[in-house]
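Subject: Handing over a structure

Hi,

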Amino acid sequence: MSTDGRPLDENAVLVKYKELTAECSNLVNKITELEQDRNEHKLVEETLKPLDPNRRAFRLVGGVLVERTVGEVLPSVASNRSNLDEVIKNL
């Protein structure tokens, strides 16, 4: 039965099922993409930790390569990774 009390026909049920299946598929794809981003951030963080904080590091910001130091880049990478963790947890 639909929300207004009428019985649903078979086509309406199939359409709704396909919509929900597509939505689930989109969510799975987005979660997978976010997990890959999180893993890349973790790898960068692990690579930068043992380095001298004054060493030069390059970071891509909005399509522009920016020169910074490891000490400046590491906190923002860690912050971005923790934000990705929160987003994935909420999805």
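Below is what turned up on the pocket and on the salt bridges.

Before you start, please keep in mind that this is a predicted model.

**The largest pocket**

The largest pocket has a volume of about 230 Å³. To find it on your screen, pick out the residues of its lining: Asp37, Glu40, His41, Val44, Leu48, Ala57, Phe58, Arg59, Val73, Val77 and Asn80. Three elements each supply at least two residues of this lining, namely helix H1 (10–48), strand S1 (56–61) and helix H2 (70–90). Helix H1 gives the most, with five residues. Sorted by class, the lining of the largest pocket has six nonpolar, two polar and three charged residues.

**The salt bridges**

Let me begin within helix H1. Lys30 forms a salt bridge with Glu33, and their closest N and O atoms are 3.9 Å apart. Both residues lie in helix H1, three residues apart, which is about one turn of the helix. Lys30 is partly exposed, with a relative accessible area of 40%, and Glu33 also counts as partly exposed, at 39% relative accessibility.

Next, have a look at Arg81. Arg81 forms a salt bridge with Glu45, where the closest N and O atoms are 2.6 Å apart. This pair links distant parts of the chain: Arg81 is in helix H2 and Glu45 in helix H1, 36 residues apart. Are these two partners buried or exposed? Arg81 is partly exposed, with a relative accessible area of 23%, whereas Glu45 is buried, with a relative accessible area of 8%. Glu45 counts as buried because its value falls under the 20% cut-off.

Arg81 has another partner as well: Arg81 forms a salt bridge with Asp85, the closest N and O atoms being 3.4 Å apart. Arg81 and Asp85 are four residues apart in helix H2, so about one helical turn separates them. Asp85 is partly exposed, with a relative accessible area of 27%.

Which residues does the network link? Arg38, Glu45, Lys49, Arg81 and Asp85 are linked in a network of salt bridges. If you display these residues together, you can follow the network from one partner to the next.

Enjoy exploring, and write back with any questions.

Best wishes

Technical notes. Residues numbered from 1 in each chain as written. Predicted model: local features only at pLDDT ≥ 70, side-chain atom pairs only at ≥ 80, totals over all residues. Heavy atoms only, no water. 1 Å grid on protein atoms, 1.4 Å probe; cavity = no way out; pocket = protein on both sides within 12 Å on 5 of 7 lines; lining within 4 Å. Points joined across faces, edges and corners; volume = space filled by probe spheres on them. Nonpolar A, V, L, I, M, F, W, Y, C, P; charged D, E, K, R; others polar. Salt bridge = Lys/Arg side-chain N within 4 Å of Asp/Glu carboxyl O. Buried < 20%, exposed > 50% of the residue type's maximum accessible area, 1.4 Å probe, protein only.
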